Amino acid sequence: MDQDEINPPSIYEVASEAFSTVTRIMEKGSDKSSFGEWFFKDSRRYNADRAISHICQAMMQIDGNRKDPDTNGETPVDHLERALVRAAFLLFKSKRGKIT
């Protein structure tokens, strides 16, 4: 039996994966929006809708109901990473009182 089958990842491993993913995606930037647009322009609703959309796209690809990779070359992991970033945006705006 493999060690990964016996022991779940540590809290640190999960948090580290999330941190490195958010950092990498934000440092890369987006072809669709400018830096900081998520904070100044995008509403909390928009960030939530984008997170949900990315999760749904990933699951449809995983289930075989959508092309993998999709027409933009994105895989389920790509979509899950973007969902995580959008969720982080939503949390940050909600906690910092940026209610729009």
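The model is predicted: local features need pLDDT of at least 70 and side-chain atom pairs count only at pLDDT 80 or more, whereas totals for chains, interfaces and linings use all residues. Residues are numbered from 1 along each chain as its sequence is written, and side-chain values use heavy atoms, with hydrogens and water left out.

**Overall fold**

The chain has five helices and zero strands, where helices (H or I, at least four residues) and strands (E, at least two) are DSSP runs numbered from the N terminus. Along the sequence the pattern is α-α-α-α-α. The C-alpha atoms fill a box of roughly 50 × 35 × 20 Å along the principal axes. Of the 100 residues, 25% are buried; buried means under 20% relative accessible area, exposed over 50%, and partly exposed in between, for a 1.4 Å probe and protein chains only. Among contacts (heavy atoms within 4.5 Å) between residues at least 6 apart in sequence, 65% join residues at least 24 apart.

**Core and aromatic residues**

The largest nonpolar core consists of five residues, Val22, Ile25, Trp38, Val85 and Phe89. Such a core is a set of buried Ala, Val, Leu, Ile, Met, Phe, Trp, Tyr and Cys residues joined through side-chain atoms within 4.5 Å. Helices α2 and α5 are the elements that give two or more residues to this core. Leaving aside residues up to four places away in sequence, Ile25 touches Glu81, Arg82 and Val85.

Trp38 also belongs to an aromatic cluster with Phe39, Phe40, Phe89 and Phe92. The structure holds five aromatic pairs. Rings of Phe, Tyr and Trp (its six-membered ring) pair if their centres lie within 6.5 Å; planes under 30 degrees apart count as stacked, over 60 as edge-to-face and the rest as tilted. Two of the pairs are tabulated below.

| Pair | Centre to centre | Angle between planes | Class |
|---|---|---|---|
| Trp38 and Phe39 | 5.4 Å | 65° | edge-to-face |
| Phe39 and Phe40 | 5.1 Å | 85° | edge-to-face |

Trp38 is buried, at 15% relative accessible area, whereas Phe40 is exposed, at 63%.

**Largest pocket**

The largest pocket is lined by 23 residues, and Gly29, Ser30, Asp31, Ser33 and Arg86 lie nearest its centre. By class, this lining has seven nonpolar, seven polar and nine charged residues; Ala, Val, Leu, Ile, Met, Phe, Trp, Tyr, Cys and Pro count as nonpolar, Asp, Glu, Lys and Arg as charged, and the others, Gly among them, as polar. A pocket is, on a 1 Å grid over the protein atoms alone, an open set of points where a 1.4 Å probe fits, with protein on both sides within 12 Å along at least five of seven lines; lining residues have an atom within 4 Å of a point. Helix α5 gives the most to the lining, with four residues.
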